[in-house]
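Please read the following briefing alongside the sequence and the model.

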Amino acid sequence: MREMAKLSYNGKELEIPVVEGSEKELGIDIANLRSKTGLITLDEGYVNTGSTTSAITFLDGEKGVLRYRGYPVEELAANCDFVEVCYLLIYGHLPKRQELELFRNSIRLHTMLHEDMKSFYNGFPRDAHPMAILSSVVGAMSTFYQDALDPSNPKHVNICIHRLIAKIPTIAAYSHKKSIGQPFIYPDNNLDYVENFLHMMFAVPAAKYVVDPDFVKALNLLLIVHADHEQNCSTSTVRMVGSSNANLFASIAAGICALWGPLHGGANEAVVSMLERIREDGGNVEKYVRMAKDKDNNFRLMGFGHRVYKNFDPRATIIKAACDRLLHKLNLDDPLFEIAQKLEAVALSDPYFIERKLYPNVDFYSGVIYRALGIPVQMFTVLFAMGRLPGWIAHWLEMHESPTKKICRPRQIYTGPQKLAFVPIDDR
Ligand code: SDX
C-alpha cells in the first residue's frame, strides 16, 4: 500500500488513499472526500480527473505510447487485421486460430440489416450527414432486435456485440449509397470484413467490382489505430450512458454523437476542409499557422494537439507512413499530403506549438488516406466510428462487469441566484 496523501482544510485533516496502476500511474481516491470534509472537487473537462480504473488500453502521453491489452499498437497494426483486434479489445486476449475463425464466421452471419431498416434511409434528406444517419440507425437497432437487449444477460450482450460489429459497415455503406443515389449493395459473406465494406461502398449492380488489396491493407490499419483510446470523450459518453443500464445500441449511438464533434472524431473531416482552404489560398501555410496562434482568431490547426499526447501521437506516425506508402503505390501525389507535411514542418518549428506541445494527432493524416481510397470527406468520421466501435464495446462491458459499478452522476458548484420570492406575471 502506498503512502497516503493528506488534505488539511478548515482545521480538519484527511488522509486520502493513493491508487497505483500497473504502469505506475498514481491517483488519489476521493470516494470519502465529501462525507469526511464537505468538499467536492472541481475539474472542468476532467483534465485531472480519472473516472475509473481500466485494463483495456494504456497510453503514455509524454512518451507517445499506445497499447491495447498490453500489445503496442504498432505491432498490432503490422501483424493483425481489424477483426482480430476487435476480438482482443472485447474479449481481452489475442484469439487462438479457432477462436478467431468462430468470431469471423459469426460476424459474417450478422452483416445484413432487417429489410425494413432500409426504409429509414428514404426518410433522410439526400444531403443528410452520414454521422446523423449512423447514430439514428444504430439507436433504432434496439427496435428491430428486441430479442436481446438486457445488459445484465451475457448471452444478450454477446449477440448485440456481434450484430453491431457486423452491421456497422452495412449501415455506413448504405448511407454513402443513399447520398450518391446508387442502389444499396448487400453484404457478400465470401469477402472478409474490410473487403465487404469496400464492396458495399463502391460496387454497382451494373459492373463487377474488384477490391484492391492495397486498399484493404490501408483500411485495416486505419481501423486498428482508431480502435480504442482509453477515456476519450466518446468512450466516456458510452460509459456514462451505459451506466444507467441503457442497452448497448443506445450507448453506442450516444458515443457516435459525441465522436461527431470537430474537436474529437469530427476533426478528420475538418482537417481536409482546412487543407483544401489552404490549397485554395495558394498553399500559404505560414498564414494559417499565424492565424492559429492569434488569440483574437478562433481558427485552430485541426488535427493538431491532444489532451493526453504531449509528444507525437504514435497513430499519426503510423498513418503518415501508410499514407506515404499508399500514395507511392497508387502513383498519386495528393497536393493535400504535400500541404499537410509542409504545415507540420512549419508548425513544429514554431515556439507557440513547441511550448504547448502541440503535435499532429490521429486525425491529421488519416483524411489523406481516406481520400486516396475514394472515401468521401463526410464519411471520414463514420470510419473513425467503425474503428472505435470495439473500444466502445470493451469499455461498456468493463463498466458493466465492474463490482463497483455505479450510475455516473457528477456533482457541481452552484453559482446561480440565491432564494428568490416568486413574482406574479403582472408584476414582472
Ligand atoms: C481526437 O481524447 C482522445 O483520446 C481523443 C482522440 C481519440 O482517439 O479518441 O485522440 C481523438 O479527438 C484527437 C483530437 C482531434 N481534435 C483536433 O484535432 C481539434 C484541434 N485540437 C484542439 O482543439 C485541441 O488540441 C484538443 C481539443 C485536441 C485538446 O484540447 P485541450 O487538451 O483542451 O487543450 P486546450 O484547448 O486547453 O489547448 C491548450 C493550448 C491553448 O492555448 P493557450 O490558451 O494555452 O494559449 O493549446 C492551444 C490552445 O489555444 N491549442 C491550439 C490547438 N490545440 C490547442 N492552438 C492552435 N491549434 C490547435 N489545434
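Helix H12 (residues 267-280) is mostly covered, since 10 of its 14 residues are buried, where buried means under 20% relative accessible area, exposed over 50% and partly exposed in between, with a 1.4 Å probe and protein chains only as cover. This is a predicted model, in which local features need pLDDT of at least 70 and side-chain atom pairs count only at pLDDT 80 or more, whereas totals for chains, interfaces and linings use all residues. Residues are numbered from 1 along each chain as its sequence is written, and side-chain values use heavy atoms, with hydrogens and water left out.

**Helix H12**

- The buried residues of H12 include Ala267, Ala270, Val271, Val272, Met274, Leu275 and Ile278, and also Asn268, Glu269 and Glu276.
- From its first C-alpha to its last, H12 reaches 20 Å, close to the 20 Å expected at 1.5 Å a residue, the expected span being 1.5 Å times one less than the number of residues.
- Helices here are DSSP runs of H or I with at least four residues, strands are runs of E with at least two, and both are numbered from the N terminus.

**The sheet S5-S6-S7**

- An open sheet is formed by 3 strands in the order S5-S6-S7, with antiparallel pairing; two strands count as paired if DSSP finds at least two bridges between them.
- The edge strands of this sheet are S5 and S7, each of which pairs on one side only.
- Strand S5 (residues 57-60) is joined to S6 by 4 bridges, and Thr57 has Tyr68 as its bridge partner in S6.
- The hairpin of S5 and S6 has 4 residues between the strands, and Gly64 in its turn has a positive phi of about 65°.
- Between S6 and strand S7 (residues 71-72) there are 2 bridges; the partner of Arg67 in S7 is Pro72, and that of Tyr68 is Tyr71.
- The hairpin of S6 and S7 has 2 residues between the strands, with Arg69 in the turn at a positive phi of about 50°.
- Strand S6 (residues 65-68) shows a covered face made of Leu66 and Tyr68 and an uncovered face made of Val65 and Arg67.

**The ligand site**

- Among the 24 residues around the ligand, His229, Arg300, His306, Arg315 and Arg388 come nearest, a residue being near if one of its heavy atoms lies within 4 Å.
- An N or O atom in the side chain of Arg300 is 2.7 Å from an oxygen atom of the ligand, and a polar side-chain atom of Arg356 lies 3.1 Å from a ligand oxygen atom.
- A nitrogen atom of the ligand lies 2.9 Å from a backbone N or O atom of Leu263.
- Of the 1,100 Å² of accessible area that the ligand has on its own, the protein covers 77%, with areas taken from the Shrake-Rupley method and a 1.4 Å probe.

**Individual residues**

- Glu230, in the loop between helix H9 (213-225) and helix H10 (233-242), has a positive phi near 45° although this residue is not a glycine, and counts as partly exposed at 22% relative accessibility.
- Asn331, in the loop between H14 and helix H15 (335-348), likewise has a positive phi, of about 55°, without being a glycine, and is exposed, with a relative accessible area of 71%.
- Thr317 belongs to helix H14 (residues 314-329) and is partly exposed, with a relative accessible area of 44%.
- Thr317 and Tyr365 are 48 residues apart in sequence, while their C-alpha atoms are 9.0 Å apart in space.

Notes: Polar contact = N/O pair within 3.5 Å; in protein donor to acceptor, adjacent residues only side chain to side chain.
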